[in-house]
Amino acid sequence: CVFKAVTFINGATGNFSRRLVVAGGGGDGSFPVTLTLERAIPASHKVELSQLIARDRVRHGRLLQSAAGVVDFSVEGTYDPFVVGLYYTKVQLGSPPREFHVQIDTGSDVLWVSCSSCNGCPGTSGLQIQLNFFDPSSSSTASLVRCSDQRCSLGLNTADSGCSSESNQCSYTFQYGDGSGTSGYYVADFLHLDTILQGSLTTNSTAQIMFGCSTMQTGDLTKSDRAVDGIFGFGQQSMSVISQLSSQGLTPRVFSHCLKGDSNGGGILVLGEIVEPNIVYSPLVPSQPHYNLNLQSISVNGQTLSIDPSAFSTSSNKGTIVDTGTTLAYLTEAAYDPLINAITSSVSQSVRPVLTKGN
């Protein structure tokens, strides 16, 4: 027999019914048969559709975690631009595994680390961490990614990968918002994970992923004061590690990143959903390359500023994104000037503004 349960919800009243459909072959030829099981919530106990959705969200998160577990990463770094100005974690790649410190960045998709043949890559870091270089020839499980690889062709659609007809090698070139850049080629190798199952049991597992091997870096990436080994992109495109692990059925396609907001920094990074009832969710703008939010207004001292709503609208080259790889909050001039003026007028006249490079 095949059993299928279907739930029907009346959004206006909160009433629901369940219908159990039994399909199969019976000796008396009476199948399929439909049994209707109904339970109506009393009128005095109406449930809003939003409550049902919220309850299902929590249930869905628990199902995802119980099915595949969650992967936990330790987080270092702080928000303070005068100390570090970035958050980073450690990943283990290759066989035998080597450890790399990588910046957590929701504004890009790809995981890449400095390669042994890198030009312009810093050799030391002011963050008091040991920098490493990935050498594909020293990993017994590493392999180059060819242009014919399906993963490379998926990256072509989002400019996360490129192809050289001469070498038949899948490559990349990235330019970041601060003017820095990197280029290199893709490698397929093992990522080593600590998976937490059912809240306590920890298992060591591996997954083959595709990541970048950086052969050239420019701009701030070449500076040693805050150097790390690479960037861990958590974007939503197919080349991101979170998408790759999800396509293999190893982790759910969701991550949770908690930034500890004090001078000590740190936080939590989890591949999986943290089920916490006090989390407030804000919907993302669909069909955008980044994690766009609908910014609606800005208030100072409880007073909403007079800002043209068009300053917050989203289009192909405009909008408000959440980006862990950006230290500061940036605003368009139409929103920035009213905000600064409101702050200036509300603070004591003894407070002196400080100008740095015209800002």
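Analyst: The whole structure holds two salt bridges. This is a predicted model, in which local features need pLDDT of at least 70 and side-chain atom pairs count only at pLDDT 80 or more, while totals for chains, interfaces and linings use all residues. Residues are numbered from 1 along each chain as its sequence is written, and side-chain values use heavy atoms, with hydrogens and water left out.

User: What makes R151 and D149 a salt bridge?

Analyst: The term asks for a side-chain nitrogen of Lys or Arg within 4 Å of a carboxyl oxygen of Asp or Glu. In R151 and D149 the closest N and O atoms are 2.9 Å apart. That distance meets the limit, so the pair qualifies. Side chains of opposite charge can pair when their charged atoms come close.

User: Which side chains meet D220 or K223 in a salt bridge?

Analyst: D220 and K223 meet each other, at 2.9 Å from N to O.

User: Why is R151 called partly exposed?

Analyst: Buried means under 20% relative accessible area, exposed means over 50%, and partly exposed lies in between (1.4 Å probe, protein chains only). R151 has 26%, so it counts as partly exposed. D149, at 21%, is partly exposed too. For the other pair, D220 has 40% and K223 has 45%. Those values make D220 partly exposed, and K223 partly exposed.

User: Where does UniProt place the feature "active site"?

Analyst: The unreviewed UniProt entry places it at D105 and D323. The two are spread over 219 residues of sequence, yet they cluster in space, with a largest C-alpha distance of 6.5 Å. UniProt positions follow the numbering used here, feature names are shortened, and annotations may be inferred rather than shown by experiment.

User: Is D105 buried or exposed, and why?

Analyst: D105 has 6% relative accessibility, so it counts as buried. D105 lies in strand β6 (residues 98–105). Strands are DSSP runs of E with at least two residues; helices are runs of H or I with at least four, and both are numbered from the N terminus.

User: What makes D323 a contact of D105?

Analyst: Contact means heavy atoms within 4.5 Å. Leaving aside neighbours within four places in sequence, D105 is in contact with residues including Y176, F232, D323 and T324. On its side, D323 touches D105, T106 and G107, with residues up to four places away in sequence not counted. D323 lies in the loop between β19 (320–321) and α4. At 21% relative accessibility, D323 is partly exposed.

User: Why is Q169 called buried?

Analyst: Q169 has a relative accessible area of 18%, so it is buried. Q169 is found in strand β10 (residues 169–175). Not counting residues up to four places away in sequence, Q169 touches L144, C147, C163 and Y185, among others.

User: How do you know that β4 and β15 pair?

Analyst: Two strands pair if DSSP finds at least two bridges between them. Five bridges join β4 (residues 70–78) to β15 (residues 267–271), so they pair. These strands run antiparallel. F73 stands opposite L269 in β15.

User: Which strand pairs with β14 over five bridges?

Analyst: β14 (residues 255–259) pairs with β15 in the antiparallel sense. There, S256 stands opposite V270 in β15.
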